[in-house]
Amino acid sequence: MQRVTNCLIINNHQVLLLKKPRYGWYAMPGGKMEPGESVQEAVIREVREETGLQLINPQLYSVATMVKESAQFPTNEWMMFTFKAEQFSGELVEECLEGELEWIDLAQLSTIPTAPSDKVLHRAVIERNQQIFATFTLDEDDQLINYRVNQG
């Protein structure tokens, strides 16, 4: 099973997102965990590598099982740990190999293209400040087939 971490970085009523070229979706900075890393170590490392920012005390808000039956093992099921951080240090990199970094107004978050599962996470974490545990089932194009959410 693959494990990934990502983070909603909030600053001045904006969230830092990464526009990924594959679907043109905006995604949270983050990526795959390395062997032996804690989820917090992984999100701090991944965010620093992609953005240049050093997260300060990121808080875990969601643990989600992502199921994609059309994919080959080990990417047919993975765990995604989503954090939120409102404090960081450092300077944002000018170029990111993963896509384009952009600060998005929180009021516009529901109108930009994102993965359908991310929309569920954004509503819970940003709009409701709510911790959730979820299972998302995706089709071969990463579209949401169904999902279950339990509140923390």
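## The largest pocket

The lining of the largest pocket comprises 13 nonpolar, seven polar and eight charged residues. In this classification Ala, Val, Leu, Ile, Met, Phe, Trp, Tyr, Cys and Pro are nonpolar, Asp, Glu, Lys and Arg are charged, and the others, Gly among them, are polar. The model is a predicted one, in which local features need pLDDT of at least 70 and side-chain atom pairs count only at pLDDT 80 or more, whereas totals for chains, interfaces and linings use all residues. Residues are numbered from 1 along each chain as its sequence is written, and side-chain values use heavy atoms, with hydrogens and water left out.

The volume of the largest pocket is about 830 Å³. Its lining consists of 28 residues, and those nearest the centre are K20, R22, A27, W78 and D142. Two or more lining residues come from each of β1, β3 (26–27), β4, β7 and α2; β1 gives the most, with four residues. A pocket is here an open set of points on a 1 Å grid over the protein atoms alone, where a 1.4 Å probe fits, with protein on both sides within 12 Å along at least five of seven lines; lining residues have an atom within 4 Å of a point. Grid points are joined across faces, edges and corners, and the volume is the space filled by probe spheres set on the points. Helices (H or I, at least four residues) and strands (E, at least two) are DSSP runs, numbered from the N terminus.

## Helix α1 and its surroundings

Helix α1 covers residues 39–51, 13 residues in total, and reaches 18 Å from its first C-alpha to its last, close to the 18 Å expected at 1.5 Å a residue. The expected span is 1.5 Å times one less than the number of residues. Its buried residues are A42, V43, I44, R45, E46, V47, E50 and T51, where buried means under 20% relative accessible area, exposed over 50% and partly exposed in between (1.4 Å probe, protein chains only). Among the elements covering these buried residues are β1 (2–11), β2 (14–19), β4 (30–32), β5 (54–55), β7 (77–85) and β9 (100–105).

T51, which lies in α1, is buried at 0% relative accessibility. Leaving out residues up to four places away in sequence, T51 touches L16, P29, E91, L92, V93 and L101, contact being defined as heavy atoms within 4.5 Å. T51 and W25 are separated by 26 residues in sequence and by 17 Å in space, C-alpha to C-alpha. Just after α1, G52 adopts a positive phi of about 85°.

The 12 residues of α2 should span 16 Å at 1.5 Å a residue, and the end C-alpha atoms are 16 Å apart, in agreement. S117, D118, V120, L121, H122, A124, V125 and I126 are the buried residues of α2.

N57 is situated in the loop between β5 and β6 (59–67) and is exposed, with a relative accessible area of 53%.

S62 belongs to strand β6 and is buried at 1% relative accessibility. Apart from neighbours within four places in sequence, S62 is in contact with M80, F81, T82, L121 and I132.

R3, in strand β1, is partly exposed at 32% relative accessibility. Not counting residues up to four places away in sequence, R3 touches G31, K32, M33, E34, P35, E37, M79 and F81. R3 and E50 are 47 residues apart in sequence and 17 Å apart in space, C-alpha to C-alpha.

## Aromatic pairs

Three aromatic pairs are found in a search of the whole structure. The ring centres of Y23 and W25 lie 4.5 Å apart with their planes at 40°, so this pair is tilted. Rings of Phe, Tyr and Trp (its six-membered ring) pair if their centres lie within 6.5 Å; planes under 30 degrees apart count as stacked, over 60 as edge-to-face and the rest as tilted. Y23 is partly exposed at 32% relative accessibility, whereas W25 is buried, with a relative accessible area of 16%.
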